[in-house]
Amino acid sequence: MATIRDLNADHIDILKEIGNIGAGNAATALSQLLNKKIEMNVPNVQIVSFDEMMDLVGGAEQVVAAVFLRIEGEAPGSMFFVLSLPQAERFVKQMTGDALFSLASPHPSELGISALQELGNILAGSYLSALADFTKLTLYPSVPALTVDMIGAILQYGLLELSRVGDYAIVIDTAVHEEQQPEDSINGHFFLLPDPDSFVPIFRSLGVSYE
Amino acid sequence: MNELVHVIKVGIADMNVVQPPHLIRTSGLGSCVGVVIFDQMKEVAGLAHVMLPDSSLARSETINIAKYADTAVEALVELIIKAGGRKNWLKAKLAGGAQMFSFQSANTDMMRIGPRNVEAVKRELERFRIPVVAEDVGGSSGRTIEFNPKTCILSIRTVNQGVKEI
């Protein structure tokens with residue numbers, strides 16, 4: 001089986017394009033949902049060790065709000081939409097009009113949590129449907145799960161399948177942020193982590209060999 | 001004279017040993033299990049950040065022994081003995097193995113990985129006759145743990161419950 005190290009510049013470009021198309025679609029959905037302008041960075045495709053991956057997001061202990069879903073089908077993998085707590089709270093306040101919503105409170109309002117869950121559903125769904133359209137692969141997303149916790153503990157779930165093959169992950173990372181809001185290292189990230197066996201179908205579907 | 005205290009960091013699928021005055025820690029344990037094995041009198045301890053229950057899950061020719069419960073416990077015991085620990089005096093403390101997400105997905109085995117990691121680590125410890133003297137496992141929260149080989153106290157930090165010591 002081909003290993004992660006066999007990726008060439010064409011492969012990286014394709015993965016970037018996947019990040020671009022997926023997150024672009026999701027950013028449009030987010031912008032419509034919040035009725036404000038959302039900016040998106042150029043996708044970052046990185047081959048990183050598991051520890052480096054945690055450093056990318058500000059360290060394993062960084063507390064974030066994350067929506068996680070598993071992708072089954074022809075190109076299985078894991079997808080995460082990660083928000084800093086202030087950003088998640090801002091989004092919820094905008095959607096629900098509840099100016100007091102706080103994720104730090106011991107019992108955040110159920111309405112707020114379900115708004116955040118729904119936001120995650122919509123964004124992850126639009127990312128994946130763009131990805132499926134682009135690759136013509138059949139992808140079945142699981143119901144997204146929302147959690148607020150240490151990012152290291154959350155991202156571990158995306159590394160399980162990869163960890164059976166090696167100690168590296170290919171991360172397709174696209175950051176989104178609201179216009180005129182300060183950017184910080186963990187502002188709105190989409191992470192797509194294809195399982196090791198998914199690279200062959202992804203590249204093949206786009207006409208690039210990778211065996 | 002004051003000696004500088006270092007905190008030895010153990011990454012994901014990694015292990016190391018520690019002696020006083022230094023501390024050893026690993027961050028962001030989710031489904032992974034942090035297993036500490038120590039000899040209290042000799043003041044030597046080791047920590048492994050175990051990711052998967054069994055090396056039979058590996059699909060590569062070379063494996064990272066710190067990643068799998070069955071290979072990590074054995075290798076950690078060896079490291080501790082090399083650092084001065086005594087085989088028959090070893091004890092263990094465990095933390096981690098949470099189930100962060102509950103899914104109704106086809107791949108439930110992988111989603112149940114936290115409890116499976118805990119079971120596998122315990123099975124290995126039993127094989128080496130190492131008693132588990134304290135544990136904080138399961139639940140649905142991420143943990144950061146730090147062990148002091150002098151006091152043999154394991155501090156566990158979670159997002160919602162602050163710090164507890166076992």
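Me: At what angle do helix α1 (residues 9-34) of chain A and α3(A) pack?
Reply: The two axes are 10 Å apart; axes are lines fitted to C-alpha atoms, for helices over the stretch in contact, and angles run from 0 to 180 degrees between N-to-C directions. Helices (H or I, at least four residues) and strands (E, at least two) are DSSP runs, numbered from the N terminus. The packing angle of α1(A) and α3(A) is about 50°.

Me: Good to have that clear; what kind of model is this?
Reply: Residues are numbered from 1 along each chain as its sequence is written, while chains are lettered from A and ligands numbered from 1 in the order in which they are written. Side-chain values use heavy atoms, leaving out hydrogens and water; local features need pLDDT of at least 70, side-chain atom pairs count only at pLDDT 80 or more, and totals for chains, interfaces and linings use all residues, since the model is predicted.

Me: Which word describes how α1(A) and α3(A) lie to each other?
Reply: Angles under 35 degrees count as roughly parallel, over 145 as roughly antiparallel, 65 to 115 as roughly perpendicular and the rest as oblique. With an angle of about 50°, α1(A) and α3(A) are therefore oblique.

Me: How many nonpolar residues are in the contact of α1(A) with α3(A)?
Reply: From α1(A) come A:Leu30, A:Leu33 and A:Leu34, meeting A:Phe91, A:Gln94 and A:Met95 in α3(A), where contact means heavy atoms within 4.5 Å. Ala, Val, Leu, Ile, Met, Phe, Trp, Tyr, Cys and Pro count as nonpolar, Asp, Glu, Lys and Arg as charged, and the others, Gly among them, as polar. One residue is polar, none is charged, and the nonpolar ones number five.

Me: And how does α3(A) lie relative to α4(A): what is the description?
Reply: The axes of α3 (residues 85-96) and α4 (residues 110-135) of chain A come within 9 Å and cross at roughly 105°. That makes the pair roughly perpendicular.

Me: How many polar residues are in the contact of α3(A) with α4(A)?
Reply: On the α3(A) side are A:Ala88, A:Phe91, A:Val92, A:Met95 and A:Thr96, and on the α4(A) side A:Leu111, A:Gly112, A:Ala115, A:Leu116 and A:Leu119. There are eight nonpolar residues, no charged ones, and the polar ones number two.

Me: Let's turn to the two chains; which three residues supply 26% of the area that chain A buries against chain B?
Reply: Here 32 residues of chain A are in contact with 37 of chain B. The chains bury about 2,900 Å² between them, 60% of it on carbon and sulfur atoms; buried area is the accessible area (1.4 Å probe) that two parts lose on being put together, summed over both. More than any other three residues, the suppliers of that 26% are A:Gln156, A:Tyr157 and A:Arg164.

Me: Which residue of chain A forms a salt bridge with B:Arg157?
Reply: A salt bridge is a side-chain nitrogen of Lys or Arg within 4 Å of a carboxyl oxygen of Asp or Glu, and the count between chains A and B is four. For B:Arg157, the closest N and O atoms are 2.8 Å apart, and the partner is A:Glu61.

Me: Which element gives the largest share of the side of chain A that touches chain B?
Reply: Two or more residues each come from α2 (50-56), β3 (63-73), β6 (145-150) and α5 (151-163) of chain A. The largest share, nine residues, comes from α5(A).
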